[in-house]
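User: I've got a model open and I'd like to learn how to read it feature by feature. Can you walk me through it?

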Amino acid sequence: MDNQSINLTQIFSIMKKHLTLITCLSVIGATIFGCLTVWAIAPKYESSSLILVNRKQDTDANAQYAQVQTDLQMVNTYKDIISQGNILDTASKNLIKDGFPTNINLANAITITHNENSQVLKITAKANSPYLAKDIVNEVISVFQTKITQNMSNARNVSIISKGTVERKPVSPNLKLNVLIGLVIGLFLGILFAFFKELTDRTVKSEDFLTDTLGIPLMGTISDMKDKQMQFGKVRPSKVISRRSRTVN
């Protein structure tokens with residue numbers, strides 16, 4: 001327990017001694033990550049649309065339950081259909097015709113989610129522009145609704161609840177999170193460098209190290225003096241600033 005207390009004391013002593021270094025590296029790390037976030041990383045924007053899978057309800061309770069279960073199963077089916085290349089390829093071609101970039105990878109730009117036992121599909125598009133994200137999601141759901149009603153005779157239960165809108169607030173990168181990451185990395189590097197500097201420092205810092213560790217007899221200590229007093233023949237005893245008592249063995 002005593003050794004552990006001594007070790008913890010030494011650790012805090014080293015950190016306190018190099019507090020300025022640790023603080024500077026932490027601030028530098030946070031600043032670098034913040035600048036990279038603002039100037040080097042392109043912001044991403046999202047736009048979402050909701051699709052409801054729901055057929056006209058029957059008056060019979062048992063029939064209604066069966067229809068709901070069928071719709072829930074169709075949600076997963078529609079999710080797979082939207083993710084397939086036919087829908088996305090058609091949407092991509094339509095966007096290119098409208099003058100949008102030709103290098104859009106809709107498979108990576110589109111995310112489809114839904115809650116368990118929910119008949120609502122949420123389609124989200126992510127892009128470098130809020131307007132592009134809105135147009136991507138709206139084009140995808142438009143192509144999906146058109147093709148699904150053409151190819152599946154019983155797929156009349158798809159309706160668009162809400163279309164994508166322009167969301168001007170970027171969803172990434174997260175400035176606060178990246179600054180915090182930079183701060184933590186700078187703090188870690190500062191502590192690491194402080195311990196490295198301390199461990200590689202071979203200077204003698206106390207009399208105990210000479211007498212107890214090395215077993216060398218202590219002959220005496222010399223008091224420190226100010227620079228202006230370091231003039232030959234002009235040092236007065238009253239001006240000597242003692243940090244340690246003069247000791248002679």
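Here is a walk through the model, from the overall layout to some local details.

Analyst: Happy to. Keep in mind throughout that this is a predicted model.

User: Which helices and strands does the protein chain have, and in what order do they run?

Analyst: Start with the count, then read along from the N terminus. The protein chain has eight helices and four strands. Their order is α-α-β-α-α-α-β-β-α-β-α-α. As for burial, 25% of the 249 residues in the protein chain are buried.

User: Now the strands. How do I read a sheet, and what is the strand order here?

Analyst: The general idea: strands of a sheet pair through backbone hydrogen bonds, either parallel or antiparallel. In this case the four strands make an open sheet, ordered β2-β3-β1-β4, with antiparallel pairing. β2 (110-113) and β4 sit at the edges, each pairing on one side only. Ignoring direction, neighbouring strands are turned by 25° against each other on average.

User: Which strands does β1 pair with, and over how many bridges?

Analyst: β1 (residues 45-53) pairs with β3 (residues 120-127) in the antiparallel sense over eight bridges. One place to look is Y45, which stands opposite A127 in β3. With β4 (residues 158-162), β1 is joined by four bridges, again antiparallel. There, L52 stands opposite S159, and L50 has S162 as its bridge partner.

User: Which side chains of β1 are buried?

Analyst: Check which way each side chain points as you go along the strand. In β1 they alternate: Y45, S47, S49, I51 and V53 point to one face and are buried.

User: Let's do a helix. What is the length of α4, and where are its buried residues?

Analyst: Helix α4 covers residues 85-97, so to speak a handy 13-residue example. From its first C-alpha to its last it reaches 18 Å, close to the 18 Å expected at 1.5 Å a residue. Its buried residues are I87, L88, A91, S92 and L95. Down the axis of α4 these fall within an arc of 125°, so they line one face of the helix. The face turned away from that buried side carries the exposed residues K93 and K97. After α4 comes G99, with a positive phi near 95°.

User: Which residues have the most contacts inside the largest nonpolar core?

Analyst: That core has 28 residues, and those with the most contacts inside it are Y78, L106, I110, I123, I136, V140 and F144. The elements giving two or more residues to the core are β1, α3 (61-83), α4, β2, β3 and α6 (130-151). α6 gives the most, with nine residues.

User: Is Q67 buried or exposed?

Analyst: Compare its relative accessibility with the cut-off: under 20% is buried. At 16%, Q67 counts as buried. Q67 is in helix α3, and its C-alpha is 8.3 Å from that of N54, 13 residues apart along the chain.

User: Last one: how many disulfides are there?

Analyst: A disulfide is a covalent bond between the sulfur atoms of two cysteines. To count one, a pair of cysteine sulfur atoms must be within 2.5 Å. By that rule the count is zero. As for individual cysteines, C24 is partly exposed at 41% relative accessible area, and C35 is partly exposed at 31%.

Conventions. Residues are numbered from 1 along each chain as its sequence is written. This is a predicted model: local features need pLDDT of at least 70, side-chain atom pairs count only at pLDDT 80 or more; totals for chains, interfaces and linings use all residues. Side-chain values use heavy atoms; hydrogens and water are left out. The expected span of a helix is 1.5 Å times one less than its number of residues. Buried means under 20% relative accessible area, exposed over 50%, partly exposed in between (1.4 Å probe, protein chains only). The arc is that of the directions from the helix axis to the C-beta atoms. Two strands pair if DSSP finds at least two bridges between them. Axes are lines fitted to C-alpha atoms, for helices over the stretch in contact, and angles run from 0 to 180 degrees between N-to-C directions. A nonpolar core is a set of buried Ala, Val, Leu, Ile, Met, Phe, Trp, Tyr and Cys residues joined through side-chain atoms within 4.5 Å.
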